Amino acid sequence: MENKIKVKAAIFDMDGTLVNSLMFWDAMAQDLNEQFFKKENFKLDEEVDKAVRTMIFSKGMLYIRAFYNLPVTDEEFLDFAAQKLEAFYRYKVKAKAGIFDMLDFFVEKGVKLCLASATDLKYVKIAVECCGLSKYFPLIF
């Protein structure tokens, strides 16, 4: 007799799992260039790009501000970055290919779904709503 494990619940991460959000850093580099540098083909320095992808958002933004010695206060730069992040999640981020089929499958099988993310809840809710994922996730942590 074969033992079968019935999955009762599944926890999903948002960034990179449910939504294609890694392109945020390219969008942020464009926004930085428009606001501060005005260079042709500006990209984040490789060291900066690698470092900020592993940091929480506010620390990553302060790292960028310090690295490039931007002529604004920490608070001003964090406000700038927060506006860009909100716009990104509201207008640019897209659900990952095939995610709706997978989520529908889980729902059909009675699996309870939950979303857990290190991203600020405000932005998670925006992304989930704008990508059409909110019906799947009554719980967001």
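Predicted model: local features only at pLDDT ≥ 70, side-chain atom pairs only at ≥ 80, totals over all residues.
Local features require pLDDT of at least 70 and side-chain atom pairs count only at pLDDT 80 or more, whereas totals for chains, interfaces and linings use all residues. Residues are numbered from 1 along each chain as its sequence is written, and side-chain values use heavy atoms, with hydrogens and water left out.

Strand β1 spans residues 9-12. Helices (H or I, at least four residues) and strands (E, at least two) are DSSP runs, numbered from the N terminus. The side chains of β1 alternate. Ala 10 and Phe 12 point to one face and are buried. Buried means under 20% relative accessible area, exposed over 50%, and partly exposed in between (1.4 Å probe, protein chains only). In a regular strand the side chains alternate between the two faces of the sheet.

Strand β1 runs parallel to β4 (residues 112-115), and four bridges join the two. Strands pair if DSSP finds at least two bridges between them. Ala 9 has Lys 112 as its bridge partner in β4.

Ser 21 sits in the loop between β2 (19-20) and α1 (24-37). Its relative accessibility is 6%, so Ser 21 counts as buried. Leaving aside residues up to four places away in sequence, Ser 21 touches Asp 15, Gly 16, Phe 88, Tyr 89 and Val 93. Contact here means heavy atoms within 4.5 Å.

Four salt bridges are found in a search of the whole structure. The criterion is a side-chain nitrogen of Lys or Arg within 4 Å of a carboxyl oxygen of Asp or Glu. One of them joins Asp 49 to Arg 53, at 3.1 Å from N to O. Asp 49 is partly exposed, at 22% relative accessibility. Arg 53 is also partly exposed, with a relative accessible area of 37%.

A salt bridge also links Asp 74 and Arg 65, at 2.5 Å from N to O. Asp 74 is partly exposed at 30%. Arg 65 has a relative accessible area of 18% and is therefore buried.

Glu 86 and Arg 90 form a salt bridge at 2.9 Å, N to O. Both residues lie in helix α4 (residues 74-92), four residues apart, about one turn of the helix. Glu 86 is partly exposed, at 22%. Arg 90 is partly exposed, at 33%. A network of salt bridges links Glu 86, Arg 90 and Lys 122.
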